[in-house]
Amino acid sequence: MSWSSLEQFRAKSDRNVLRMQAEKKAGRKVVGQYCIYTPMELVLACGAIPVSLCGTKNDSIAKAETVLPRSLCPLIKSSFGFALEDSCPYLAASDLVVCDTTCDGKKKMFELLARRKPVYVLELPQRQDAEALVFWQKQLELFKGKLEETFKVNISDDALWQAIDVSRRFRAALQKVLDLGKRKPSPLTGLELLEIAFRASFMPVYEERISELESIASEIGAAQAAENTGRAPRILLTGVPTGLGSHKVIKILEESGASVVCIDNCSCYKKVRPIPSEQHDPLALLVRHSLAIPCAVMSPNPNRYETVAELAREFSVDAVCDLTWQGCQTYDVESYSLRDFVQNTLSLPFLQIVTDYAESDVEQLRIRIQAFLEILS
Amino acid sequence: MPLRFAIGIDAGSAQTKAVLLDSISLALLAKASLPTGWNPKASAEAVLAKLWQGFGEAQACSIVATGYGRVAIPFADKNITEISCHAKGAVHCFPTARLVIDIGGQDSKVISLAEGGAVRDFLMNDKCAAGTGRFVESVARLLGLHIAEFCALASGGEACAITSMCAVFAETEIIGLLAQGAKPGAIAQGVLASIARRMQGLAARLPGTGDCVFSGGLAQSPVCAERLAQELGCPVLVPEYPQFTGALGAALEAARLAKEKNA
């Protein structure tokens with residue numbers, strides 16, 4: 001199915017790098033971020049552009065392995081490889097790179113990255129309790145100070161509220177698009193859902209991100225639904241981040257006849273988590289909102305199960321597929337508990353796939369995935 | 001005229017196997033296997049020709065393909081994965097089966113079955129050659145033995161500990177053991193024990209208890225089956241022709257297709 005709003009979005013996002021360079025020329029500052037625990041609202045509030053950084057392609061991994069151990073996860077290697085090759089235009093444009101200590105591998109990679117780029121490390125707590133909130137609050141206060149000092153601005157509460165407003169509208173617009181997957185059948189493939197979220201994350205002008213997503217949601221939302229044959233099993237993909245270049249499992253699932261209707265990871269649906277409506281202290285609001293993200297780095301990680309249960313219900317899925325990058329210990333270990341929860345509490349079939357970005361295991365994965373879909377049929 | 005014949009082809013990485021069933025009575029009419037060459041389609045054609053040898057010429061039939069080469073067989077009516085096929089084949093031989101352990105040429109798998117024989121869950125070791133038929137074959141070759149002779153050697157006495165998790169390094173480890181004067185029998189014991197332990201490790205991750213079926217070429221060796229039973233701590237059932245379990249499962253699916261067409 002071809003949608004003119006989607007085509008227009010693709011054409012616009014093809015020019016993401018040029019747009020960003022134009023913004024830089026006009027004096028805007030750019031802050032690259034690897035992780036959604038970094039509240040992009042703080043960056044927006046200081047007048048800079050928060051932007052995602054490359055880390056989803058296999059090409060840069062060989063270069064990274066000249067420095068990093070091979071056993072590290074492909075996401076860390078890919079990200080670092082882009083830095084070594086100087087091949088990520090968003091990283092090149094970044095005046096500051098914010099890095100969250102989401103795992104040991106990243107933490108140590110950031111030390112090496114700091115030799116090449118101005119890195120600022122946010123120390124992420126690994127729990128979500130009251131003490132962790134106090135700690136995280138302090139981290140974000142320090143980060144705010146760092147932004148103010150680097151960019152010679154003062155971040156007022158008003159500016160923060162304005163940034164929160166932009167962020168809320170962005171989250172809502174992205175959610176409208178991703179929620180199209182709730183329809184039966186989903187008008188967008190899982191690959192398209194991924195592509196839209198991925199491309200949007202590199203768009204430097206936030207108002208444009210929002211209006212583009214809005215127009216996709218309204219065009220496709222208004223279209224006549226296709227006949228629901230009910231033949232394609234509806235899959236909730238959960239787990240590690242994915243992007244263009246690290247999409248092979250979604251591709252194989254859909255080539256094998258499944259429909260990936262929701263992608264519960266930090267490149268997709270975790271980005272839409274709405275910011276609660278409160279009017280007291282904007283920074284405290286961001287502290288609570290960001291720390292509640294259910295990444296496997298949290299121990300325990302109760303929100304993960306709650307989210308999976310909620311998404312499985314809302315998107316009426318037939319099965320859950322948990323994707324783990326090789327070497328990602330937290331997601332790999334957590335998969336055992338998630339399997340138990342999905343199979344026994346949600347009574348849904350569950351498949352964990354552990355892989356990397358390379359194409360070498362595609363045929364083996366195809367067998368596993370097809371066998372899993374045969375169980376569903 | 002009703003379709004009387006149903007064929008399952010299992011285009012594996014090492015061997016291509018085929019089974020011919022009477023689509024109504026499900027009686028086994030013929031079976032054949034050949035080494036898979038570089039061309040799975042040609043191997044499948046050759047094995048089909050062999051299968052029909054007793055019949056003068058090929059008859060009208062429905063065909064289901066499985067195995068790594070399943071998509072390369074254009075004359076199959078359908079292809080399904082070997083996980084489904086091993087389960088169907090195992091349940092056909094042993095209706096009480098609740099667990100299937102298959103050690104194939106380039107992977108090994110554990111399949112948990114629900115009551116009634118439907119696949120409930122499965123786990124595969126497909127990342128690494130250790131714990132596969134290919135691994136046993138390469139060690140046997142190192143000792144200048146055929147795989148059956150190698151397995152027979154493992155029937156008793158001391159076992160060497162083989163600890164490498166990688167087939168290539170296990171080979172290196174074994175060369176070292178031989179240099180230290182280890183006996184081939186002890187090495188064979190060690191190799192089979194290491195495979196059985198790996199399978200036990202996979203099986204322990206799946207729920208369910210009940211009869212366990214051992215399929216795939218290695219199951220032809222009683223010593224292998226015994227080793228596996230020891231590690232699992234339960235008896236292991238072996239089909240009459242364990243290496244044909246996947247092809248049998250595919251043939252059963254072909255028979256179901258034939259019945260659909262006949263109806």
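Modeller: Helices (H or I, at least four residues) and strands (E, at least two) are DSSP runs, numbered from the N terminus. This is a predicted model, where local features need pLDDT of at least 70 and side-chain atom pairs count only at pLDDT 80 or more, while totals for chains, interfaces and linings use all residues. Residues are numbered from 1 along each chain as its sequence is written, chains are lettered from A, and side-chain values use heavy atoms, without hydrogens and water.

Biologist: How many helices and strands are there in chain A?

Modeller: By that rule, chain A has 16 helices and 8 strands.

Biologist: Why does the radius of gyration of chain A agree with a compact globule?

Modeller: The radius is taken over C-alpha atoms, and the globule rule is 2.2 Å times the number of residues to the power 0.38. For 377 residues a compact globule would come near 21 Å, and chain A has 20 Å, so the value agrees. The C-alpha trace of chain A spans about 60 × 45 × 40 Å along its principal axes.

Biologist: What percentage of the residues of chain A count as buried?

Modeller: Buried means under 20% relative accessible area, exposed over 50%, partly exposed in between (1.4 Å probe, protein chains only). Of the 377 residues of chain A, 57% count as buried.

Biologist: Which residues are buried in helix α7 of chain B, and what covers them?

Modeller: In α7(B), residues 222-232, the buried ones include B:V223, B:C224, B:L228 and B:L232. Their cover, counted by contact (heavy atoms within 4.5 Å), includes β6 (97-103) and α6 (184-204) of chain B. After α7(B) comes B:G233, with a positive phi near 70°.
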